[in-house]
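Let us begin with the display itself.

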Amino acid sequence: EKELFERRCAAVAELYQLSPRETDILQFLAKGRNAAYIQSKLTISPHTVKSHIYSIYRKLDIHSRDELSDLLGLFE
């Protein structure tokens, strides 16, 4: 299951041209992690996390974690 999750995230990242850092954050978001958790794990500022999340949502043309989950479910 972990392998499938990683393949889905990688496929989304490639298709939507996410940066390596955005890809890292995408994986955390897909696991249901919040900005504070991501900030602590990646040792980056809250503003940086929020900027990356905004950029990911914009590139994927989504507006919520539910939409992110739905989108990831489309990829095999």
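Predicted model: local features only at pLDDT ≥ 70, side-chain atom pairs only at ≥ 80, totals over all residues.

## Two loop residues with positive phi

Asp-61 has a phi near 55°, a positive value in a residue other than glycine. You will find Asp-61 in the loop between α4 (46-60) and α5 (65-73). Its relative accessible area is 58%, and because the cut-off for exposed is over 50%, Asp-61 counts as exposed.

Gln-17 also has a positive phi, near 55°, and is likewise not a glycine. Gln-17 belongs to the loop between α1 (2-15) and α2 (20-30). With a relative accessibility of 65%, Gln-17 is exposed.

The backbone nitrogen of Ser-19 is reached by the side chain of Glu-22, at 2.9 Å.

Glu-22 itself lies in helix α2. Is Glu-22 buried or exposed? With a relative accessible area of 5%, Glu-22 is buried. Setting aside neighbours within four places in sequence, Glu-22 is in contact with Gln-17, His-52, Ser-55, Ile-56 and Lys-59.

In soluble globular proteins, nonpolar side chains tend to be buried together. Here, the largest nonpolar core has 21 residues, and those with the most contacts inside it are Ile-25, Leu-26, Leu-29 and Leu-60. Two or more residues come from each of α1, α2, α3 (35-42), α4 and α5. Which element gives the largest share of this core? That is α4, with five residues.

Not counting residues up to four places away in sequence, Leu-26 touches Cys-9, Val-12, Leu-18, Ile-56, Leu-60 and Leu-68. Among them is Leu-60, itself one of the residues with the most contacts inside the core.

## The two sides of α5

Next, take a look along α5. Its buried residues are Leu-68, Leu-71 and Leu-72. They cover an arc of only 95° around the axis, so they lie on the same side of α5. The other side of the helix carries the exposed residues Asp-66 and Asp-70.

What do the buried residues of α5 pack against? Their packing partners are α1, α2 and α4. Leu-68, one of the buried residues of α5, is also on the list of residues that Leu-26 touches.

## Rings and a charge

The structure holds one aromatic pair. Phe-28 and Tyr-37 make up this pair, which is edge-to-face, with 5.9 Å from centre to centre and 65° between the planes. Phe-28 is buried, at 17% relative accessibility, whereas Tyr-37 is partly exposed, with a relative accessible area of 27%.

Tyr-37 has another neighbour to show you. The charged end of Arg-33 sits over the Tyr-37 ring, 4.4 Å from the ring centre.

Notes:
Residues numbered from 1 in each chain as written. Heavy atoms only, no water. Helix = DSSP H or I, 4+ residues; strand = E, 2+ residues; numbered from the N terminus. Buried < 20%, exposed > 50% of the residue type's maximum accessible area, 1.4 Å probe, protein only. Polar contact = N/O pair within 3.5 Å; in protein donor to acceptor, adjacent residues only side chain to side chain. Contact = heavy atoms within 4.5 Å. Arc of directions from axis to C-beta. Core = buried A, V, L, I, M, F, W, Y, C linked by side-chain atoms within 4.5 Å. Phe/Tyr/Trp six-rings, centres within 6.5 Å; stacked < 30°, edge-to-face > 60°. Lys NZ or Arg CZ within 6 Å of the ring centre and 35° of its normal.
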